[in-house]
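Trainee: I'd like to learn how to read a structure like this one. Can you walk me through some features?

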There are 6 protein chains.
Amino acid sequence: MKLLILNPNTSEDVTKMVEDAAAIAAAPDTEFVVRTAKWGLPYIATRAEATIAGHVILEMLAEEHADFDAGIIAAFGDPGLGGARELFDIPIIGISEAAMLTACMLGRRFSIITFSPALQPWYEECIASHGLSGRCASIRALDDPFSSVGNVQLEKEELLLRLANLAITEDGADVVIPAGTPLSGLARRLRDRIDVPVVDLIGSSVKQAELLVALKHRKALQGTFRRPAAKSSVGLSKRLAARFEHKDDGD
Amino acid sequence: MKLLILNPNTSEDVTKMVEDAAAIAAAPDTEFVVRTAKWGLPYIATRAEATIAGHVILEMLAEEHADFDAGIIAAFGDPGLGGARELFDIPIIGISEAAMLTACMLGRRFSIITFSPALQPWYEECIASHGLSGRCASIRALDDPFSSVGNVQLEKEELLLRLANLAITEDGADVVIPAGTPLSGLARRLRDRIDVPVVDLIGSSVKQAELLVALKHRKALQGTFRRPAAKSSVGLSKRLAARFEHKDDGD
Amino acid sequence: MKLLILNPNTSEDVTKMVEDAAAIAAAPDTEFVVRTAKWGLPYIATRAEATIAGHVILEMLAEEHADFDAGIIAAFGDPGLGGARELFDIPIIGISEAAMLTACMLGRRFSIITFSPALQPWYEECIASHGLSGRCASIRALDDPFSSVGNVQLEKEELLLRLANLAITEDGADVVIPAGTPLSGLARRLRDRIDVPVVDLIGSSVKQAELLVALKHRKALQGTFRRPAAKSSVGLSKRLAARFEHKDDGD
Amino acid sequence: MKLLILNPNTSEDVTKMVEDAAAIAAAPDTEFVVRTAKWGLPYIATRAEATIAGHVILEMLAEEHADFDAGIIAAFGDPGLGGARELFDIPIIGISEAAMLTACMLGRRFSIITFSPALQPWYEECIASHGLSGRCASIRALDDPFSSVGNVQLEKEELLLRLANLAITEDGADVVIPAGTPLSGLARRLRDRIDVPVVDLIGSSVKQAELLVALKHRKALQGTFRRPAAKSSVGLSKRLAARFEHKDDGD
Amino acid sequence: MKLLILNPNTSEDVTKMVEDAAAIAAAPDTEFVVRTAKWGLPYIATRAEATIAGHVILEMLAEEHADFDAGIIAAFGDPGLGGARELFDIPIIGISEAAMLTACMLGRRFSIITFSPALQPWYEECIASHGLSGRCASIRALDDPFSSVGNVQLEKEELLLRLANLAITEDGADVVIPAGTPLSGLARRLRDRIDVPVVDLIGSSVKQAELLVALKHRKALQGTFRRPAAKSSVGLSKRLAARFEHKDDGD
Amino acid sequence: MKLLILNPNTSEDVTKMVEDAAAIAAAPDTEFVVRTAKWGLPYIATRAEATIAGHVILEMLAEEHADFDAGIIAAFGDPGLGGARELFDIPIIGISEAAMLTACMLGRRFSIITFSPALQPWYEECIASHGLSGRCASIRALDDPFSSVGNVQLEKEELLLRLANLAITEDGADVVIPAGTPLSGLARRLRDRIDVPVVDLIGSSVKQAELLVALKHRKALQGTFRRPAAKSSVGLSKRLAARFEHKDDGD
């Protein structure tokens, strides 16, 4: 099984963290690659940036989807998820959704802990769009400057731990989800110091992707994720244009 | 007052319809221009297409926002709305939101009538994202091939009228909203044959834009629509990159 | 265009404040009058008082609606709104609804700040009845005696400012709405000291009324705001009785 | 125990039906009187009429509350209920609320059957205001002219029975509530021909009133139903004015 | 009228408290017995324990239902309620539901106060399952060791009073409900020291049971509480097996 | 990895179907056993029967949990799930939850198709208890007698297929879930004749169990699924009593 993991940010150090977390989670017979966006923003914190990332994701998938069994959008907020599920035939996983659905089996309510308050509004809309607001106890964010997004989880480890524990005692969290991708791997490192299950974004996403591949569901021919009717376009990458126009391989 | 109306589709004939509808609604001292997307899809019916349109909208706004008092995103579904409100200082109107909020003052529940079932999932998510699902009686779509999107409202006028009346008698609609932009102007033509208020997307949006400009609210410095922190980028249009990096005029 | 603004309280000083706020907002070609209730309570803080105000509003509208293009119910809580929309042919604006819908275009969540905790339960029910509870971050009220309702906004300006800022930092408000009518005009005075948009009740209502008049929707002949069937009555004012009985001018 | 049952309509024949239904339900040691409104409308079908009825109810209660142990507002829609609970010290029952809460102990979802579609919007808002929309399977109304409101339940008995059975088989109703007061007593007559519990508005209200009297809860001194602060007024009935001004007996 | 009150715990001292509270509430012509579970747990605080209690309740009802007019499940959380309503012909009351529905007539929102945080998750699910989460202001629990469940209300009276008052001032409670059965009778003792109505679980349940018996609704033949089709079983008590198999008296 | 799959029914033929479906889904290194309940009902269709099944499940888990890495409750409705998650240290999967969460990654809304209308109320409550009602398009049930629960999927295959297709075209289902266990394996057989993904209860549950085992989350020490405090009991199986009393192996 081959998984295509997409980092819609241009930051290679985030890609490296995603790779490490995926390597730990992947089953022995699962191959995966992690791609870094060739254009866009260094990381995504707001709706404006997620808007760009959505386009980036569709282009990245158009480029390579045919060679993989499933795709994983590796940014909390799941930019481009709905469109990707319409446009492509392989299962597409959003790491927010995968982590939250996993958390649903571990507790009544999960809390999100993250490293910047700038992320909160977008995360909140993401959770609502998945219909899971009722399962979310809180989003707690550090409000503290950090030196680099690639190092924030180490630099702020103790503060993030404190947020997690406040989420449990003050907000009633049964599960903690460290988000977004710059906190990849933190779940593993903190789990012995947190009294409830801690769900890793990348780990749970790799496993949910393996699950969907194994279960071999068909691509929808009807319903909200059926493929859009063929349309010509202007200014899109060659492969994305071909995908929209139903002129790529496999049609 | 100057309004920038953005058609995120590449179809000039839709732009023309939007222009006609805006001309009827605009106050005497309101100037407006309608721009057609230079790249993207000919029209937007699905999440995949709306994902592209979101990026298109941000670029169109980056290009011209400084010369206008407000922007209007002229596609039902409001692609790019949240990001645009973060990124730019002028009021941004989404035509779905403007029409639905207007409808809220005219009845308990509105129905959306539209020309293709392909639009339904995206419309439904749009309504939910505005928190207005409880005010929506139904979305009713024709399921009938049409010759061209620029002509669909004339070609299918009687069928669309029938949908509107079914929405009233079967679904309990107090207000009818014909959507999306290819139905611009239909509200005016059908209103005498429909027993409840019919809200025009473009007309209500132009008036809501005028309202927001007149009320002169400040751009948020806090909260979910504050401007994102400066970020460098790769591959964006020059002006959009400058806007993300806080290096455009006015910073 | 002529607007009838109804103060359902018997307090002339509140009427004066409404007049001032309306004058600032009204377009050059908009005429308006503000009427004070001839009977009822000096101001409305509870459901019991709003119950009386509902009747007052219907009588005030019955008296003068025929001479105006739209009516505005100038009390937060919108007493009599639904009944007025059924009974009369002109657009009727409730200032709570108009302000909240305006706020929806400016942020995800608004907070209400007000001058007495007595108002809170009724405000909360008003927000819920408009289906906007999910858009309301909080209602914050001063809990401090004040000398007169006509002077409360000046006397408590600093405390109200503090409430507004707490709503932003503690409750996540993207927009602040000072309510009810005794705070008319406060929005304008405080807006430079509050980091998010501040919506004025009367200002936004006058503009939404102008918008509805301009858009010329028909009076509903079906649906929940169609006119009630003719009924005789006992003990109502002559004109209201005639309106209920379909015996007033215009039938 | 003495119950004051208030018919906010001016129709004596409805009062008579309420009396008959109350007599069957009342416990041996429960005395009750049913009063007819001295002013207002002959019956209430819309929000406009309910607005008047709210005022009527407050006046009726102001007149006589001191001589009774509880009050019952005998109109589906519960006009004036919130205000009455604030203003008076005795328990106040709304017949919609009492019937719906009783139905909650008998099934997951109840359906309302009624005699005119004009009632539907107001009923729907009433159910929502009690937070019980999720427990309501449907509102089904006859759409058939009837000769008199005092005779509608006899004239349309078979059609109403059919509505009830459709509510069960089509809408999934576990309980049926015939509403409003002109259907008083119908529950008893139809119950053997309907396969689920049928709740009588007046019967369940009399019993819930007896229950509240027996349980002897205190009048709230805090919270949303505490008594409003004293206010002078203009144009109200002498006793209602005194009640608002805290100048009636018992203060 | 004869009521069967079921304590699904094995603690006789809780049974005694229930008996005392029921004796005060019961009408002169109401007879009642309170039974203690013969097997199960000493008290119920979690879902695991409620799971056992559900089975216990069905067996207790199977044993004696034929001799009574209604059954009351005397444990907050209402274990076995839905199944009991399906299986038996007499009205079944859950004390959580009865208390909360009673509270709905006394205020907009009630708060639950209880003696251990262990109860909170189960209580929260109970409230949600009744569709009443929107009416619940808060659940507040002591977090303090206590010597015995039979004595906790006396030992912690002042702390519980403090919780009640915090629920009013901090959470906006209009009504307070002390839960579960080990707090039976506390409502009566504290009511003069709490500014809002305090609802007693057992008192309100006895009265709601009397109400349902008096109203004489039929057992549902359709809908979600109709009796399950006959099934054989293994390992159930003789009478419960007979009830499931439709082989008990009365079939 | 060893999975304990629990059929809370006494029907061996259902166990056999579960075994077949699990065998197809299980990874090469996953061992599993399927146990049949030693007592209880032959199959579960109502809340009453699910109440018994909850107890059965706790006893089955108490007996064997120590030898397995995860447990699967193989009855739609997930009887005993919450209690099991509290009481035991291994991950517990409910097949309804696992299938619905899987479906969430495949579409906006799923429909449940099943073989008897008796199952509908319990299924509906199960979906609501998981907070997923908003993701459920419909529950459609055959209303047709069948010869045996062990054979119903073959006997009614064409009718069930028709239900699935109606769910797609009439109810807007993006995903179809055949439920409960007597339809195990039907998903696989029908998937080529249904235009949207069809999720198998047992298949998706086995994979979600493998996922949870692989991700190695800790047992909650706080929050709603922490282990209940030790309690003695009467009349429970030896091992379940020991588990409740914290006297089993591993304490």
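Trainee: What span should the 15 residues of helix H7 of chain B have?

Mentor: Keep in mind that this is a predicted model. At 1.5 Å a residue, H7(B), residues 157–171, should span 21 Å, and its end C-alpha atoms are 20 Å apart, which agrees.

Trainee: Which residues of H7(B) are buried?

Mentor: Start with the general idea. An α-helix has 3.6 residues a turn, so residues three or four places apart point the same way. Now the case here: B:Leu160, B:Leu163, B:Ala164, B:Ala167 and B:Ile168 are the buried ones in H7(B). Looking down the helix axis, you find the buried residues within an arc of 135 degrees, so they line one face of the helix.

Trainee: And what does the face turned away from that buried side carry?

Mentor: Exposed residues: B:Glu158, B:Thr169 and B:Glu170.

Trainee: What do the buried residues of H7(B) pack against?

Mentor: Quite a list, all from chain B: strands E5 (110–114), E6 (136–141) and E7 (175–178), plus helices H6 (152–155) and H8 (186–190). Just after H7(B) comes B:Gly172, with a positive phi of about 80 degrees.

Trainee: Let's take another helix. How many residues of H2 in chain E are buried?

Mentor: 16 of the 18, so H2(E) is largely enclosed by the rest of the structure. Its length works out too: H2(E), residues 47–64, reaches 26 Å from first C-alpha to last, close to the 26 Å expected at 1.5 Å a residue.

Trainee: How about a loop residue? Is E:Gly80 buried or exposed?

Mentor: Count the C-beta atoms around the residue; 20 or more others within 10 Å makes it buried. E:Gly80 has 31 within 10 Å, so it is buried. You'll find E:Gly80 in the loop between strand E3 (70–73) and helix H3 (81–87) of chain E.

Trainee: Which residues is E:Gly80 in contact with, leaving aside neighbours within four places in sequence?

Mentor: E:Ala53, E:Gly54, E:Ile57, E:Leu58 and E:Ile73, along with F:Thr51 from chain F. For a distance across the chain, take E:Phe115: it is 35 residues from E:Gly80 in sequence and 23 Å away in space, C-alpha to C-alpha.

Trainee: Now a whole chain. How do I judge chain A overall?

Mentor: Begin with the elements: 10 helices and seven strands. The radius of gyration of chain A is 18 Å, close to the 18 Å from the globule rule for 251 residues, so chain A is as compact as a globular protein of that length. Buried residues make up 62% of those 251. As for contacts with a separation of 6 or more, 69% join residues 24 or more positions apart.

Trainee: How many residues does each side bring where chain A meets chain F?

Mentor: Each of the two chains brings 34. On the chain A side, helices H4 (95–104) and H9 (201–215) each supply at least two residues, and H9(A) gives the most, with eight. By class, that side has 16 nonpolar, 10 polar and eight charged residues.

Trainee: How are chains A and F related?

Mentor: In general, two copies of a chain are related by a rotation about an axis and a shift along it.

Methods. Residues are numbered from 1 along each chain as its sequence is written. Chains are lettered from A and ligands numbered from 1 in the order in which they are written. This is a predicted model: local features need pLDDT of at least 70, side-chain atom pairs count only at pLDDT 80 or more; totals for chains, interfaces and linings use all residues. Helices (H or I, at least four residues) and strands (E, at least two) are DSSP runs, numbered from the N terminus. The radius of gyration is taken over C-alpha atoms; the globule rule is 2.2 Å times the number of residues to the power 0.38. A residue is buried if 20 or more other C-beta atoms lie within 10 Å of its own, exposed if 12 or fewer, and partly exposed in between; C-beta atoms are placed from the backbone. Two residues are in contact if their C-beta atoms, placed from the backbone, lie within 7 Å. The expected span of a helix is 1.5 Å times one less than its number of residues. The arc is that of the directions from the helix axis to the C-beta atoms. Ala, Val, Leu, Ile, Met, Phe, Trp, Tyr, Cys and Pro count as nonpolar, Asp, Glu, Lys and Arg as charged, and the others, Gly among them, as polar.
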